[in-house]
Amino acid sequence: MARAARRRASRWRLPRLPLPRLALPGALGRWWGRRRWWSKILWGLFALLVLAPLALTVVYRVLPVPATPLMVLRLFEGEGWHRDWVAWSEIAPVMAKATVAAEDNLFCRHDGFDWESMQKAWDRYQSGVGRLRGGSTISNQTAKNVFLWDGRTFIRKGFEAYLTVMIEALWPKRRIMEVYLNVVELGPGIYGVEAASQAYFGKSAAQLSAREASLLAAVLPNPRGWSAGKPSRYVAGRAATIQRRIGQLGDLLDCVS
């Protein structure tokens, strides 16, 4: 009985008709097609510029950074690639202190941005004294060195700010310093304090003296023009100032001590 009832019901079932595809007028159709392509492009840029750096920031919290855009660029320029990643425990503590003394005295206190220094740099730029420069923290430089290209454009600075926020949120201060000291350029084709220590002083980064660490920190603003191995009078004087400042910063060095 039930089978017969289903057969009778199937006789009255309406046939399935294909739904007509909506055909848009010419101009509107072209606009809709372009809109779909633009949507794909925007989603691709979002994944490349936002999601990928976020994922890498999470990965680099525990794993070494294998390479940076600057390393690849310098390699193609013919400068070579000398670099050895070492853990925090294999870097002399005075090296991190010298870096703070040279580059960012408030590293252990700020959230990635030195607002006072940034305001001073902007005021100098507005007054026409020079280019927009200064106010960069070690966190900013780590974001730039790990993810970005060299330059001073507003677009690159915007990406740098975004990446700095992520790094400060996901990495402890010691990790920021550890990554920085392993990827920073310290000479033509020389990256990280281990490679620089071997190249300039013939020893490991764990054996650096206060004087040697200060010399490496002294060349950070211009690693391709200044040498820690054969310091000029200016570099030697700058290193002496950094070495004195290490003893003056006191508690400002607590996060790297």
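These legends describe close-up views of a predicted model.

View 1. Helix α10 covers residues 210-218, and seven of its nine residues are buried, so the helix is largely enclosed by the rest of the structure. The buried residues are Glu212, Ala213, Ser214, Leu215, Leu216, Ala217 and Ala218.

**View 2. Threonine 137 in a loop.** Threonine 137 belongs to the loop that runs between α5 (115-126) and α6 (138-147). Its relative accessible area is 1%, so threonine 137 counts as buried, the cut-off being under 20%. Apart from neighbours within four places in sequence, threonine 137 has contacts with Asp104, His110, Gly112, Phe113 and Asp114.

View 3. Phenylalanine 76 is part of helix α3 (residues 69-76). This residue is exposed because its relative accessibility is 73%, and the cut-off is over 50%. Together with Val72, Leu75 and Trp81, Phe76 makes a nonpolar surface patch of about 400 Å².

**View 4. Aromatic rings.** A pair of aromatic rings is described by how far apart the centres are and by the angle between the planes. The model has three aromatic pairs. One of them joins tyrosine 200 and phenylalanine 201: the ring centres are 6.4 Å apart and the planes meet at 65°, so this pair is edge-to-face, an angle over 60 degrees being required for that label.

**View 5. A lysine over a ring.** Lysine 173 sits over the face of phenylalanine 107, 4.6 Å from the centre of the ring.

Key:
Residues numbered from 1 in each chain as written. Predicted model: local features only at pLDDT ≥ 70, side-chain atom pairs only at ≥ 80, totals over all residues. Heavy atoms only, no water. Phe/Tyr/Trp six-rings, centres within 6.5 Å; stacked < 30°, edge-to-face > 60°. Lys NZ or Arg CZ within 6 Å of the ring centre and 35° of its normal. Buried < 20%, exposed > 50% of the residue type's maximum accessible area, 1.4 Å probe, protein only. Helix = DSSP H or I, 4+ residues; strand = E, 2+ residues; numbered from the N terminus. Patch = residues over 30% accessible without salt bridge, like charges linked within 9 Å, V, L, I, M, F, W, Y side chains within 5 Å. Areas by Shrake-Rupley, 256 points an atom, 1.4 Å probe, with all protein chains shown as cover. Salt bridge = Lys/Arg side-chain N within 4 Å of Asp/Glu carboxyl O. Contact = heavy atoms within 4.5 Å.
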